[in-house]
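Keep the structure in view as you read.

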Amino acid sequence: MLLFLIEVCIAVFFDDRFIRPFVGDVLVVILIYCLIRSFWKIRATVAALSVFGFACAIEGLQYLNLVDRLGLRQYKLLAIVIGTTFDWMDILAYAIGTAIAFFV
């Protein structure tokens with residue numbers, strides 16, 4: 001719950017170039033990992049790699065401009081969840097978040 005609340009606070013109160021885009025991406029991967037491990041009994045390695053793969057797939061959809069191709073930009077929440085801008089630094093953030101979740 002704490003991770004979720006931190007994510008919401010970052011989304012609502014931060015509009016910078018580090019906390020929201022980078023730290024938010026690190027934390028969202030940890031949050032998804034924790035949710036998966038809370039509801040399903042799967043190995044930590046499988047969960048971590050699955051979450052990293054999912055995050056990279058979403059980033060790939062951003063690279064393909066999925067939101068614009070489907071005409072979803074006017075749906076702000078959906079555009080935020082899917083994302084609209086590809087960035088290699090997001091992949092790095094996902095890798096860091098995955099490593100933190102797995103090793104902690």
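In this model, helix H3 passes helix H6 in a right-handed crossing. Bear in mind that the model is predicted.

**H3 with H6**

- To find the pair, look for H3 at residues 44-63 and H6 at residues 88-103.
- Their axes lie 10 Å apart, and the packing angle is about 165°.
- Angles over 145 degrees count as roughly antiparallel, so H3 and H6 are roughly antiparallel to each other.
- From H3, the contact is made by Ala44, Thr45, Ala48, Phe52, Ala55, Cys56, Glu59 and Gln62.
- From H6, the contact is made by Asp90, Ile91, Tyr94, Ala95, Thr98 and Phe102.
- Sorted by class, this contact of H3 with H6 has nine nonpolar, three polar and two charged residues.

**H2 with H6**

- The crossing of H2 and H6 is right-handed.
- On the H2 side, you can pick out Pro21, Phe22, Asp25, Val26, Val29, Ile30 and Tyr33.
- These H2 residues meet a set in H6 that includes Met89, Leu92, Ala93, Ile96, Gly97, Ile100 and Ala101.
- By class, the contact of H2 with H6 has 14 nonpolar, two polar and two charged residues.

Methods
Residues are numbered from 1 along each chain as its sequence is written. This is a predicted model: local features need pLDDT of at least 70, side-chain atom pairs count only at pLDDT 80 or more; totals for chains, interfaces and linings use all residues. Side-chain values use heavy atoms; hydrogens and water are left out. Axes are lines fitted to C-alpha atoms, for helices over the stretch in contact, and angles run from 0 to 180 degrees between N-to-C directions. Helices (H or I, at least four residues) and strands (E, at least two) are DSSP runs, numbered from the N terminus. Angles under 35 degrees count as roughly parallel, over 145 as roughly antiparallel, 65 to 115 as roughly perpendicular and the rest as oblique. A crossing is left-handed if the near helix is turned anticlockwise from the far one by less than a right angle, and right-handed if clockwise. Contact means heavy atoms within 4.5 Å. Ala, Val, Leu, Ile, Met, Phe, Trp, Tyr, Cys and Pro count as nonpolar, Asp, Glu, Lys and Arg as charged, and the others, Gly among them, as polar.
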